[in-house]
Amino acid sequence: MTKPNISVKLRRWGGVRRQISVLGILALLVSIATLSRFFSIRSRFISDTLCNHDNIECQSGFRSETGIAVETVVDKIQKEMNEMRDVPVDSSAETIVARYSAFLADILGLIESLQTTGNPRENSEIRAVHPLAGRKQPSDGPAEFFLIEEIRKYVRVKPNRLGKQNFMGANGTFTSIGHACFEMKKDIEEYMDYDVGEICRDDWKLAQKLMVHGCDPLPRRRCFARAPQLYSKPFPINESMWKLPDNRNVRWSQYRCKNFTCLASSTARKGFFKCADCFNLSDHELPRWIKQAVSGPEMNLTADFLIPEVLNIKPGGIRIGLDFSVGTGTFAARMREFNVTIVSATINLGAPFNEMIALRGLVPLYLTINQRLPFFDNTLDLLHTTRFLDGWIDFVLLDFILYDWDRVLRPGGLLWIDSFFCLKEDLDDYLEAFKMLMYRKHKWIVVPKLDKDDREVFFSAVLEKPPRPFR
């Protein structure tokens with residue numbers, strides 16, 4: 001009678017041991033997989049964003065913490081294996097499975113706690129380096145969105161080589177791109193697909209498309225910008241202001257007109273309509289802001305103000321300013337004659353406006369309406385705009401733009417709105433946007449725009465920013 005009992009117990013114990021073996025193998029596999037995944041991710045993240053390769057103390061601290069954790073896991077496994085050898089043979093399979101499940105949960109809990117907490121010193125370094133690094137995703141997460149390696153390298157956080165804050169107070173460099181770049185993934189990857197150290201493609205038009213649609217700022221590139229094949233020395237400053245530049249100093253491949261003579265012609269098809277006569281320096285541009293142009297001869301009405309009368313509002317007080325317009329720099333050229341330095345902000349809308357401004361000996365600023373002005377608060381004496389802000393612009397966008405302009409104008413600075421046009425029915429809404437600035441009115445006029453059957457109007461104003469000492 002005893003032999004059957006012994007054989008039953010042996011069979012039961014053999015089944016239990018098989019279950020224990022399966023669970024043990026499973027536990028080891030899960031533990032190894034979790035640890036290997038954890039260490040590979042952590043080590044890559046630390047080496048890429050935090051630990052300088054020369055910072056031995058940081059790396060050794062991390063290894064010591066992980067080594068302690070691994071030793072603890074190994075000790076627990078060995079201890080449990082020793083205790084399993086002493087389990088009575090009459091213990092039920094359910095009891096053994098329950099105990100082993102609890103042991104497995106203990107091991108996994110230890111691994112998860114290690115993955116969550118990590119090295120306290122390491123966590124403090126992460127928070128110091130980048131505010132995003134304390135979150136679950138790594139700070140170079142945006143890089144994983146793109147496939148082209150150059151843009152992936154550009155958007156990753158670049159830690160300082162010395163392992164401490166630089167003179168700007170940052171632990172690294174956080175290169176930025178416009179948020180719309182993620183919506184234009186195909187275009188931005190095409191733009192960043194080049195050979196490092198070689199000549200860039202002639203793709204400025206693609207770059208401008210990205211900027212206009214919100215992918216602004218664009219990432220920097222590590223290729224050489226194309227230049228005209230036969231670039232010639234620009235004309236001296238005493239000649240360049242009112243003389244068409246040399247055609248060889250512009251890349252014409254992306255324009256309908258292939259020379260400045262075509263752009264200055266009144267009959268040629270130029271491929272753009274904004275400021276179509278701006279390249280006609282002798283007839284169209286020369287008298288602007290110096291000689292009065294009358295829009296309605298019978299009423300003697302004009303939306304134009306002359307530079308001398310605007311400067312007389314602040315005698316000697318206008319020294320530097322910005323012209324945010326579509327043009328070839330004539331406003332800046334005229335203001336230069338009055339010893340006022342003007343930077344001209346524009347883009348190349350169907351013609352080489354930036355090149356033309358530079359070749360005249362003036363300063364172009366390649367800037368879209370999407371971007372915050374690159375000037376500090378309360379620094380400019382004058383902000384002038386014409387042929388750019390018109391009735392096409394959204395009211396909320398206009399608010400953001402006007403508040404940004406207010407930011408860069410100094411107290412007492414002048415905002416010159418030059419020939420803003422819109423539909424008659426929209427005029428009151430646009431005027432309210434300008435009135436909300438609560439500027440002092442020096443000049444303010446509304447005249448009909450005669451080429452649109454009296455459906456549109458021109459609005460011009462010269463406004464002075466008030467001091468706001470208590471706001």
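## A guided tour, starting at a disulfide

Select cysteine 257 and cysteine 262 to begin: a disulfide joins the two, with 1.9 Å from S to S. You are looking at a predicted model. The torsion about this S-S bond is about -55 degrees, so the disulfide is left-handed. With a relative accessible area of 0%, cysteine 257 is buried.

How many disulfides does the count come to? The count is four. For another of them, select cysteine 200 and cysteine 223, whose sulfur atoms are 2.0 Å apart. This link is right-handed, with 105 degrees about the S-S bond. It ties together distant parts of the chain, 23 residues apart: cysteine 200 sits in the loop between helix H6 (185-191) and helix H7 (204-212), while cysteine 223 sits in the loop between H7 and helix H8 (237-240). Both cysteine 200 and cysteine 223 are buried.

Next, move to cysteine 275 and cysteine 278, joined by a disulfide with 1.1 Å from S to S. The link is left-handed, at -45 degrees about the S-S bond. Are these two cysteines buried or exposed? Cysteine 275 and cysteine 278 are both buried.

**Along helix H14**

Select residues 395-408, which make up helix H14. The helix has 14 residues and reaches 20 Å from its first C-alpha to its last, close to the 20 Å expected at 1.5 Å a residue. Zoom in on the start of H14, where a side-chain oxygen of aspartate 394 comes to within 2.9 Å of the backbone nitrogen of valine 396.

**Rings to find**

The count of aromatic pairs comes to 18. For one of them, select phenylalanine 395 and tyrosine 430: the ring centres are 4.6 Å apart and the planes are at 40 degrees, so the pair is tilted. This pair links distant parts of the chain, with phenylalanine 395 in helix H14 and tyrosine 430 in helix H15, 35 residues apart. Phenylalanine 395 is partly exposed, with a relative accessible area of 35%, whereas tyrosine 430 is buried, at 2%.

Then select Trp204, Trp252, Tyr255, Phe260, Phe279 and Phe353 together, which form one aromatic cluster.

**A loop asparagine**

Go to asparagine 160, in the loop between strand E1 (158-159) and strand E2 (172-173). Asparagine 160 is buried, with a relative accessible area of 15%. Follow its side chain to the backbone oxygen of lysine 164, which it reaches at 2.8 Å.

**Last stop: confidence**

Finally, colour the model by pLDDT. The mean for the protein is 80, and 68% of its residues reach 70 or more. Where is confidence lowest, and where is it highest? Helix H4 (residues 120-129) has the lowest, at a mean of 45, and E3 has the highest, at 98. Over residues 37-63 the pLDDT is below 50, and beyond near neighbours in sequence this stretch has 40 contacts in the model. Residues 115-138 are also below 50, with 34 contacts in the model beyond near neighbours in sequence.

Key. Residues are numbered from 1 along each chain as its sequence is written. Side-chain values use heavy atoms; hydrogens and water are left out. A disulfide is a pair of cysteine sulfur atoms within 2.5 Å. Helices (H or I, at least four residues) and strands (E, at least two) are DSSP runs, numbered from the N terminus. Buried means under 20% relative accessible area, exposed over 50%, partly exposed in between (1.4 Å probe, protein chains only). The expected span of a helix is 1.5 Å times one less than its number of residues. A polar contact is a pair of N or O atoms within 3.5 Å; within protein, one must be able to donate a hydrogen and the other to accept it, and residues adjacent in sequence count only if both atoms are side-chain atoms. pLDDT is the predictor's confidence in each residue, from 0 to 100. Contact means heavy atoms within 4.5 Å. Rings of Phe, Tyr and Trp (its six-membered ring) pair if their centres lie within 6.5 Å; planes under 30 degrees apart count as stacked, over 60 as edge-to-face and the rest as tilted.
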